[in-house]
Amino acid sequence: MNQVKAILKSNVMLLILIALVIIFGIGSENFLTAKNLLNICTQNAYFIVASIGVGMIMISGGTDLSVGYCMSVISVCMAVFMQRVGLAWPLAVILGLAIGVALGAFNGFASNLLRIHPMIVTLATMTMFQGISFTISESKSFFNFDEAFVNIGQGYLGPISFPIIFAIIIAVVIHFILEMTCFGRFIYAAGGNPEAARLAGINVKRVKVYVFMIGGFLYAIAALLLTARGGSANSSIGPGTEFNAITACVLGGVSFIGGEGKVKGVVIGCLILGVLSNGMQLIGLGVYIQYIVKGIILMLSIGYDTYSKQAKVKKVASAEKAAA
């Protein structure tokens, strides 16, 4: 019985996802079709990639609010490289990925240099990146990209779209890094107890900078998928992703305080939000209702995370008191 309870507790979000699929399947005859389910995965592939980046940063003890405009800068830069500078799309993509890493490094170094929580730093850089994006794009949109570039977001391998394949590869690689490498253990240690990690010989500041750089790289991939899928680029691509990503991460079990979380949970959290948006749309609920629901979910998720942390602290304190 205890094993069953443990299994249910560790898979509660997966059960909620399954329940939502069943509920919306009953509510709309168009929901449970293979085409719609694959469409949900394709539409949320970029979101999953970006959320994994946010999840890594949260596990390391930080928060990144600049995600959306980081993606915006990368998207318009790739477009400018291709259409104004005349670079071939592979080179433009490589430069876009490099810009993502550079923006992530800037966030990491700024947080360490100012010794301020990354949430505050990235709130400032979010505004900076917004200004940079609109300055580069001159508030214009870019269209008519090379067909091979657009195919990255719109192409298929059999019934599976390229964005889904990208998301799966990213999820597997980051899962391996977090669960199977020393660097992954350093990330958990830096977020769970930075002082203990420092005393154990881990360069916590360096680890956090590296995590922000990986996050920036993943935002660049997300921006690439989103730009290629839409076949256009402008400064409005990306903003808003940050709050949905944080919601998905906390919903998937990533602690807002740091030190806890799995890639699997982040992916499930993203799919829950994707299923909610798609399902509510199919049953006739407007987009504003979706915002309300997502806000409630974020509030409840953070509340549950805080409650769980406090419960663990009290349990450890009680155990230490009993042992004494």
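Helix α6 (residues 89-114) and helix α7 (residues 118-137) have axes that come within 9 Å and cross at roughly 135°. This is a predicted model, in which local features need pLDDT of at least 70 and side-chain atom pairs count only at pLDDT 80 or more, while totals for chains, interfaces and linings use all residues. Residues are numbered from 1 along each chain as its sequence is written, and side-chain values use heavy atoms, with hydrogens and water left out.

Helices here are DSSP runs (H or I, at least four residues), numbered from the N terminus. Axes are lines fitted to C-alpha atoms over the stretch in contact, and angles run from 0 to 180 degrees between N-to-C directions. α6 and α7 are therefore oblique to each other. Angles under 35 degrees count as roughly parallel, over 145 as roughly antiparallel, 65 to 115 as roughly perpendicular and the rest as oblique. The crossing of α6 and α7 is right-handed (the near helix is turned clockwise from the far one by less than a right angle). On the α6 side, the contact (heavy atoms within 4.5 Å) includes Leu-103 and Phe-106. Among its α7 residues are Pro-118, Val-121 and Phe-129. The contact of α6 with α7 has seven nonpolar, four polar and no charged residues. Ala, Val, Leu, Ile, Met, Phe, Trp, Tyr, Cys and Pro count as nonpolar, Asp, Glu, Lys and Arg as charged, and the others, Gly among them, as polar.

α6 also meets α12. Their axes come within 7 Å and cross at roughly 145°. This crossing, too, is right-handed. Gly-96, Gly-100, Gly-104 and Gly-108 are among the α6 residues in the contact, and Gly-216 is one of those from α12. Twelve residues of this contact are nonpolar, seven polar and one charged.

Next come α4 and α14. Their axes come within 9 Å and cross at roughly 140°. α4 and α14 are therefore oblique to each other. Phe-47, Ile-48, Ser-51 and Ile-52 of α4 take part in the contact. By class, the contact has nine nonpolar, one polar and no charged residues.

Now for the second largest pocket. Its volume is about 370 Å³. The lining has 18 residues, with Gln-43, Asn-44, Tyr-46, Phe-47 and Asn-244 nearest the centre. α4 (45-59), α12 (204-230), α13 (241-251) and α14 (263-282) each give two or more residues to this lining. α14 gives the most, with five. Five lining residues are nonpolar, eleven polar and two charged.

Technical notes: 1 Å grid on protein atoms, 1.4 Å probe; cavity = no way out; pocket = protein on both sides within 12 Å on 5 of 7 lines; lining within 4 Å. Points joined across faces, edges and corners; volume = space filled by probe spheres on them.
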